[in-house]
Structure formats: C-alpha cells, structure tokens
Amino acid sequence: MSRVRDLQKNLFGGTTSNARQFGMIFTLVAIVLYFQIRTGGLTLTSGNLIALTQQYAYISILSIGMLMVIVAGHIDLSVGSVAAFTGIVVAKAVTEHDVPWPAGILLGLAVGALIGAWQGFWVAYIGVPAFIVTLAGMLLFRGGNQYIGNADTVPVPEGFRVIGAGYLPEVGPATGYNNLTLLLGLLLCAAVIWREWRSRRVRQQMEGAEPAPAWISVLRLTILLSVIVFATLRFAGGRVGTSFPVSGIILAVLVIAYSFYTRNTAGGRHIYAVGGNARAAELSGVRLRRVNFLVMTNMGLLSALAGMIFVARSAASGPQDGLTWELDAIAAVFIGGAAVSGGLGTVSGSIVGGLVVAVLNNGLQLIGTGSDMVQIIRGLFLLGAVALDVYNKKQGRFSIIGSLTRPFHREPPAPPGAPATPSRADAKAAAAG
Amino acid sequence: MGNALLEMRAITKEFPGVRALSDVSLVVAAGEIHAICGENGAGKSTLMKVLSGVHPYGTYDGDIFYQGRECRFGDIRASEHAGIVIIHQELALVPGMSITENIFLGNEPRRWGRIDWKAANHRALELMSLVGLKEDPDTLVKDIGVGKQQLVEIAKAFAKDVKLLILDEPTAALNETDSRHLLDLLRGFKQRGITSIMISHKLNEVEAIADAITILRDGRTIETITVASGEVDEDRIVRGMVGRDLESRFPEHVPRIGEVFFEVRDWTVRHPISADRLVCKNSAFTVRRGEIVGFAGLMGAGRTELAMSIFGRSYGVHLDGKIFKDGREVEIRSVADAIAHGLAYVSEDRKAIGLNLLDDVKTSVVAAKLSKITRRGVLDEAAQYHEAESYRKSLRIKTPTVDEPVTRLSGGNQQKVVLAKWMFTDPDLLILDEPTRGIDVGAKYEIYGIIQRLADEGRGVIVISSEMPELIGLCDRIYTVFEGAITGEVARRDADPELLMKQMTSSRRLPTP
C-alpha cells in the first residue's frame with residue numbers, strides 16, 4: 001500500500017507533478033495503447049507522430065499562455081481570433097509588402113504583444129473582467145482578420161513555412177536516421193537525468209525532508225528514458241526528408257522556459273499568488289495590476305506565435321484560421337489539472353492535457369470516426385475528466401491541492417478518522433445511513 | 001430535570017496535527033436550557049458540528065445517544081430529520097427572499113408538485129407569532145434588522161419540527177432589547193418542552209437563563225454545573241474557561257524602549273467610495289524602538305483603516321499626512337514601498353486577506369519577500385525550505401512538515417505562519433491587527449511572547465485589539481481611536497479599562513494624564 005502511495009506521489013516530475021497529472025499520464029498511455037491496437041499500429045508510426053506534433057504544436061503553445069491566464073484567475077476567449085489576425089497581418093506584409101520573412105515573424109510577435117497589452121490594459125487597469133474583454137477581442141480581431149484580408153486567403157512564401165512545416169535538416173554521416181533528431185534525443189536524455197539528480201540533491205539539502213525513495217527515481221528515469229529513446233527513433237527514422245518538426249522544437253523550448261518561469265522565479269510565483277488570493281497577494285507586495293497585465297500580454301504574444309505557425313503549416317492565411325482554438329486550449333488546461341477558480345495548475349500538466357486531447361482526436365480520425373462523433377466524445381471526455389477531479393478532491397484523495405503541495409511528503413500512517421481516509425469513513429456512513 | 005434527551009459520550013475528534021476534542025461528554029436533560037461556555041478554540045463549535053452531522057459518523061470517536069437511541073448522523077439532513085436544528089452565528093438566510101420563502105427554503109409545502117404559497121404564508125404567520133415576529137411575511141429578509149432575522153432563523157427551525165434547538169452565539173450581534181426578547185423566547189420554548197443548547201460568551205445571559213452549564217477548555221469537558229445546585233457564578237465559569245488566573249495570561253516582560261523612530265503626522269484618509277467620509281482625521285502618533293503600542297477602539301472606529309492606509313495606501317484615498325522614519329520623511333505609495341521601508345502589516349482576517357489558502361507553509365512564509373530566497377533570478381527551494389523550517393522551530397508552529405497546506409493548520413498555527421511571513425521581511429515596524437482573534441488561550445500566550453521578543457529585538461510593534469485586557473496586559477502605551485480620530489494616549493501604568501472606554505467613546509481628546 002505504501003509503495004503504491006509512493007508511486008502515486010513521486011513517479012512523475014517530482015515537485016512539478018501532481019497526482020492529477022499522474023492520472024492523466026496513465027489516461028494518455030491507455031488512449032495511445034487503445035488506438036495503437038484499434039488502428040493496427042498506425043498511431044505510433046513515424047508519419048503519424050510527426051503529423052500529430054505539427055498539428056497540435058500551436059494548440060499546445062496556446063495552452064501554455066492559457067495556463068498562466070487561468071492560474072491568474074482569468075480566461076482568454078480571443079486567442080483564436082488574435083492568431084488569425086496576426087496571421088493575416090504577417091501574410092500580407094510578407095507577400096504583398098515584401099517584408100523579409102524573419103522580419104515578418106518579429107512583426108507578428110509585436111502585433112500579438114500589442115493586442116495582448118490592449119486586452120491587458122482593460123483587464124488590469126480598468127478592471128473589466130477578462131471574459132468580457134476577450135469576448136470583445138474575439139469579435140474585434142476576427143473582424144479585423146476579414147477586414148484586412150478581404151475575407152480572402154493570402155499565401156506565404158517558402159521561407160516562412162519553415163516554422164510550421166519545416167524539419168530538422170540532414171547533416172553528418174548517413175546513419176539511416178536523422179542525425180540532428182538523434183542528437184536532440186540524446187540531449188533530452190542527459191537533461192532528464194541531470195534534472196532527476198539535481199532535484200534529489202536539492203531535497204537532500206533540506207534536512208528533515210525525505211527525498212522520494214531511490215527506487216522511484218530509477219523507475220521514473222527508466223520509463224522516461226525509454227519513452228524518449230522510442231520517440232527519438234520514431235522521429236528520426238521517418239520518411240526521408242522528414243524528422244522532428246521545427247514547430248515541435250519551438251514548443252519544446254517554450255515548455256521548458258515557461259515551466260521554469262512559473263515554477264522557479266518570483267514572477268511565476270506571483271501569478272499563482274494572484275490567482276490564489278488576489279487581496280492577500282496585493283498586501284504581500286505583489287503588483288496585482290502588473291501581473292494581470294503581463295499575463296494577458298504574454299497570451300497575446302503566444303497567440304501570435306501560434307497563428308504564424310499555423311499559417312506557415314497551411315502555407316496561407318485565411319478567414320477561418322483559429323476557429324475554436326480557444327476552446328481547445330482551455331480544455332487542455334483544465335484536463336491538465338488547473339482549477340477553474342485559479343491559483344492551481346502547471347505548464348507540464350497542460351501539455352499532457354493537450355496531448356491527451358490531440359491523441360484522442362487523431363486516433364478517432366484514424367479509425368474513421370465522423371467529426372460529429374469526435375465532438376461528442378471530446379465533450380464527454382472533458383466533462384468526465386474534470387468531474388472526476390472534482391469528485392476526487394471532495395473525497396480527499398488524489399486532489400490537486402493535496403498532491404501539488406506535498407509531492408514528496410510521506411505520510412505517517414493516517415490517524416483514524418483523519419481526512420486522509422475519509423473515503424472509507426464516508427462509505428461506512430453511507431452504509432449506516 | 002427529567003431524563004437525558006441527549007448524551008454525547010467520550011467524543012474525540014482529530015484534525016491532522018490537532019486534537020479538537022478529546023473525550024468530551026455532554027448530557028442534556030429533556031426540556032432544559034443548556035449553556036456551553038468556553039474560550040475560542042475550546043471545541044464548542046466542533047462539538048456541535050459532530051452533533052449535527054457536519055462531521056459525519058465515522059470521522060470521530062465516541063457515541064451519541066439521542067432520545068434513548070444511539071445515533072449515527074451521516075449529514076445535516078439526518079440530524080434535522082431527528083429534530084436537531086442548529087442556528088449558526090452567521091445566519092443562513094437568503095437576503096433577497098421574503099420571510100416566508102426563507103422559512104420554508106428547502107422545506108416548501110407542496111400541493112400537486114407546486115409550492116402552495118397560501119398554505120406557506122398561513123403557516124409562516126403562525127410560526128412568526130410563535131417567535132414574536134410582527135412583520136409582513138412578504139417582507140424581504142434584507143429589509144429587516146439582525147434581531148428579526150434571527151427570529152426568522154428560529155421560525156425556520158420550527159418549520160422543521162425541532163426538538164433540540166442549538167444556538168451558536170445567538171445574541172452576539174443583537175442589541176439589548178433584541179437579546180432580552182430572544183432570551184424570553186427561549187424560556188417560552190422551554191415551557192413548550194423544547195430543549196435548547198446555547199453557546200454563549202455572554203456570561204450574564206448564561207447565568208440568567210441556563211439550567212445547566214457545561215464548560216469546555218482546550219477540547220476537554222471541565223465540568224457541568226447545574227443551576228439547581230446553586231453553585232453558579234461568573235467567576236467560577238471564567239476560572240473554568242480560562243483555567244488560570246487572568247494575571248498570568250501574559251508572559252513576564254521588561255520592556256527595553258529606545259527613541260522614537262516612526263512617526264505619523266496629520267494622517268487624513270477618506271473612504272474609498274463615499275467622498276465625504278473621512279476614515280482617518282488628522283491622526284498623529286509615534287512609535288519607539290522596542291515599544292509595543294496599542295490601538296484601542298470600538299468596531300468601526302477606523303483602526304484597521306488607519307493601519308492599512310499607512311501600509312502602502314492599501315485602503316481608502318490618501319488626502320494628507322506624512323510619515324517619518326528615523327527622522328526622515330518617507331514616501332510610501334505602495335505595499336512594495338512599505339515592505340521596502342521595513343513595514344509589515346498582519347491583517348485581522350488571515351483567511352480572507354492574510355494567506356493564500358492554496359499555499360503550503362513554506363511558500364506562505366517566504367511570500368512577502370521572494371527576493372530574499374532568489375539567487376540570480378531563480379528561487380532557491382532549499383533556502384525556502386530552510387527559512388520555513390527555522391520559523392517552524394522558533395515559533396513552534398505545530399505542523400508535521402513545512403510542506404503541509406496552511407488550511408490543515410489550526411487558527412493559532414496559521415496565525416504563527418502569518419507572523420513568520422512578516423518576520424521574514426525583517427521589518428522595523430510590525431502592525432498587528434487583532435493578532436489573537438479566534439485562537440485559543442495557549443496559542444495566545446505564545447503569540448504574546450513572540451510579540452515581546454520582536455519588540456526586544458529593537459523593532460516597533462503596533463497592536464490593534466478589541467480585547468481590552470490584551471491591550472492593557474501587553475502594550476507599553478495605548479492610543480484610543482474614535483470615529484477616525486485619535487482621542488487619547490495612555491501609558492501602561494495609567495491604563496485601566498474604564499479610562500480607555502471613556503476615551504474610546506468620546507470624540508473629545510482628553511488631557512493625557
């Protein structure tokens with residue numbers, strides 16, 4: 001029993017992780033295995049994995065920003081429209097006004113940041129709820145996209161397409177694999193090992209705090225490394241000319257950077273403080289308005305990036321780009337364990353949540369499910385995932401709060417009647433009543 | 001008195017790290033009014049929550065016998081079904097609904113599936129006359145006073161066919177007339193055979209009305225006194241509640257007071273919404289190093305407003321006034337400025353604005369000065385742990401580890417976490433707003449010790465408190481505040497409750513003795 005509990009608490013990601021995410025990872029594994037079998041092995045082919053990465057990289061980028069917005073206690077409904085608006089601005093600039101494409105990307109980021117700042121201004125300094133501000137933004141920038149593009153499609157040049165449809169180039173000796181992807185996988189393995197070692201060392205410096213048992217570290221490393229090696233070989237060994245997508249690299253860099261920022265810096269912790277208790281944060285010296293403003297601005301920036309990657313992938317910007325992206329991003333964040341009331345959630349959780357949605361979508365498409373059924377299944381899945389979380393929290397098991405705040409804490413045997421075991425007590429009471 | 005209606009035997013209830021009730025017994029005879037007395041945190045509310053099924057059967061140890069049968073309530077519904085109705089201090093009424101609607105909320109008389117308003121109004125009138133409430137039953141609850149709202153609550157209990165009525169601090173918010181009416185009402189119920197349990201701090205009322213009194217202290221039953229035995233007097237109750245004489249409620253302390261280092265002049269602040277209301281009027285005061293300065297005043301006198309407006313203008317609109325620290329004027333425009341200038345404000349409401357309840361102990365402790373554990377832009381988790389751990393030891397915060405969520409700590413320990421959070425910022429001046437509100441006697445004593453230690457380290461401490469004995473026992477000097485103005489200044493040796501009360505209720509500044 002205690003081993004199982006150790007496992008639940010410690011297996012994935014040490015302090016970043018929570019049991020919710022642990023459950024999510026198992027859901028992910030289950031879904032992958034299910035579709036792998038149902039599709040006769042199509043799900044985990046190189047081609048499908050690469051397509052999956054390209055197809056969902058921009059949603060995951062959005063969900064990073066959305067996670068921070070939601071943790072701060074807001075919501076952003078405008079991300080799809082902002083992405084579409086930026087897309088058309090950049091496409092026009094690059095195609096019709098001969099702006100070089102790297103400058104076009106910078107322009108796009110600037111436009112996104114500006115839009116984010118505009119929305120952040122209303123949210124942070126005027127105090128209009130983000131729901132309203134971004135609902136307005138959703139209409140505003142969707143209209144803006146169609147106004148600028150004349151509701152037409154604008155193509156983008158070859159160079160620009162790299163960020164959405166590009167791959168790591170072939171270099172070095174012919175190994176039968178893409179060498180850069182192999183190198184990337186190797187680096188990732190080294191990073192994972194280093195991180196595990198470091199987190200154990202940090203924990204050891206805290207006298208009195210027990211690090212997770214060593215066997216858990218070994219188990220975790222074994223699992224993670226095998227997944228990485230498997231994925232590396234798949235991505236590196238695809239059709240010639242394909243390899244790990246550039247958009248996947250952008251996503252990976254952002255995930256690492258934002259995970260670090262939200263977890264390990266004062267600025268990141270301020271976002272959680274504001275979402276957890278805004279007044280308390282304010283009275284602790286947190287600049288409430290600035291945090292809200294920056295969170296919204298950042299969302300604009302990431303929306304712009306996601307929009308440009310999408311345009312690059314589809315080689316053109318159109319009036320229907322980014323429709324319902326906000327819903328996908330929000331769903332990913334909540335499936336990944338964030339709290340609706342703010343203050344809780346992790347970047348890595350949102351990515352796992354996004355991955356679950358992506359694999360589900362992809363798998364359903366592979367087995368030929370119609371888009372009507374796909375939507376129904378996704379809707380039920382979102383509801384079920386969050387309901388399960390809420391239910392578990394009420395039962396006092398597996399709660400986000402509990403596991404987030406005490407990931408390494410090994411409980412002494414719970415005293416009778418303590419909330420650690422209320423599930424049994426409740427069951428008894430129910431039976432008695 | 002007749003047979004026991006209720007008997008709670010050896011009730012033990014534990015929360016993680018805290019034993020809220022240990023081996024508590026309570027016997028209530030049928031038809032009596034039974035008072036439960038005890039300090040904050042003695043376990044009165046927990047005991048009532050166990051009884052009413054808020055803490056369901058299985059989460060506590062011990063047995064409950066009610067009407068001669070053992071009861072295992074799984075939730076409030078079960079206990080209400082048995083005729084046990086609890087009326088909480090915070091009334092559970094919907095302000096925007098009428099009296100009738102409130103009385104029958106969740107219990108609506110139905111006819112063919114729809115609510116029979118005619119019957120409801122009729123029955124409401126009966127119930128209202130029973131509790132002596134003369135109002136139109138269609139009146140909205142928000143339009144009647146607190147006293148009448150309380151009566152609506154009681155009428156609501158009667159609508160549920162109550163046999164055992166539990167009232168938690170029923171007269172706390174009532175004025176004299178309403179209180180008297182309520183007590184008369186309870187006597188009337190007694191005649192009708194309804195048993196009441198009343199939790200109260202007002203010992204004169206307890207003495208006047210109760211047939212028996214059970215005293216709880218630190219989660220234990222101290223004794224049950226029956227009025228018939230003729231042994232009831234306030235002193236005895238107080239002794240039972242406090243467990244020691246009032247004299248020893250404060251640690252021994254010899255102040256080491258230095259020179260004036262903090263001064264506020266002409267401090268004038270207006271209300272954030274109503275432009276013509278001043279919450280601070282030309283307030284001026286000083287604090288010396290090593291000194292504990294008290295601020296006495298009635299509720300709403302403007303002490304919290306004064307403190308918060310000084311702490312980075314976090315309340316109201318600043319109109320006028322200057323702050324001097326170490327002889328130089330300082331500009332404090334934001335909370336960040338205030339922290340940078342060595343100010344700390346521990347709020348009176350730790351749950352609403354003092355803590356992020358999603359945090360654990362260690363993140364709470366460092367929350368107000370993250371820069372102190374930041375190395376090259378990165379939070380140092382080991383440093384955070386060490387800091388929190390050192391406060392856990394030095395303040396004796398009762399928690400298994402600093403990884404524990406703050407919500408699992410008792411009130412007194414949460415307050416210590418908040419104190420640690422502000423001590424971590426290394427302040428020169430700490431403003432403590434009701435630092436011992438809602439915490440038990442033992443923890444109070446410890447917090448007084450911490451406050452004295454802070455002063456002895458050469459810091460200034462301001463204590464805002466509504467408890468007169470606390471101010472007199474703890475502070476070296478006391479300012480009195482009335483309607484936003486400082487009306488007096490009393491040195492410790494001159495402080496007595498009568499003098500303070502006079503100044504707290506008079507706008508005229510009395511000559512300093």
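Me: What ipTM and pTM does the predictor give the complex?

Reply: The predictor assigns an ipTM of 0.78 and a pTM of 0.77 to the complex.

Me: Where in chain B is confidence lowest, and where is it highest?

Reply: Where pLDDT is low, the predicted coordinates should not be read in detail. In chain B the mean pLDDT is 86, and 95% of the residues score at least 70. Within chain B, helix α8 (residues 234-242) has the lowest confidence, with a mean of 74, whereas strand β22 (residues 460-464) has the highest, at 95.

Me: Which domains does the assignment give for chain B, and how far apart do their C-alpha centres lie?

Reply: Domain bounds come from an automatic or database assignment. For chain B this gives domain 1 (4-244) and domain 2 (249-504). The C-alpha centres of these two domains of chain B are 36 Å apart.

Me: Which residues have the most contacts inside the largest nonpolar core?

Reply: Such a core consists of buried nonpolar residues joined through C-beta atoms within 7 Å. The largest one has 183 residues, and those with the most contacts inside it are A:L62, A:M66, B:I431, B:I451, B:I462 and B:V463. Leaving aside residues up to four places away in sequence, B:I451 touches B:I292, B:L432, B:P435, B:V461, B:V463 and B:L474. Another core, of 58 residues, lies apart from the largest one and includes B:I84, B:I86, B:A159 and B:L216.

Me: How many helices and strands are there in chain A, and where does UniProt place the feature "transmembrane region"?

Reply: Chain A has 18 helices and 2 strands. Of its 433 residues, 46% are buried. Among contacts in chain A between residues at least 6 apart in sequence, 79% join residues at least 24 apart. An unreviewed UniProt entry places "transmembrane region" features in chain A, among them residues 49-70 and 123-141. Residues 49-70 of chain A are 100% helix and 0% strand, with end C-alpha atoms 29 Å apart. For residues 123-141 of chain A the figures are 84% helix and 0% strand, and the end C-alpha atoms lie 17 Å apart.

Me: In which sense do strands β13 and β16 of chain B run, and what do β16(B) and β17(B) form?

Reply: Strands count as paired if DSSP finds at least two bridges between them. Strand β13 (residues 260-270) of chain B runs antiparallel to strand β16 (residues 317-325) of chain B, and 7 bridges join them. Here B:R265 stands opposite B:K322 in β16(B). β16(B) also pairs with strand β17 (residues 328-330) of chain B, in the antiparallel sense over 3 bridges, and B:K325 stands opposite B:R328 in β17(B). β16(B) and β17(B) form a hairpin with 2 residues between them, and B:D326 in the turn has a positive phi of about 50°.

Notes
Residues are numbered from 1 along each chain as its sequence is written. Chains are lettered from A and ligands numbered from 1 in the order in which they are written. This is a predicted model: local features need pLDDT of at least 70, side-chain atom pairs count only at pLDDT 80 or more; totals for chains, interfaces and linings use all residues. A residue is buried if 20 or more other C-beta atoms lie within 10 Å of its own, exposed if 12 or fewer, and partly exposed in between; C-beta atoms are placed from the backbone. Two residues are in contact if their C-beta atoms, placed from the backbone, lie within 7 Å. UniProt positions are given in the numbering used here, feature names are shortened, and annotations may be inferred rather than shown by experiment. Helices (H or I, at least four residues) and strands (E, at least two) are DSSP runs, numbered from the N terminus. pLDDT is the predictor's confidence in each residue, from 0 to 100.
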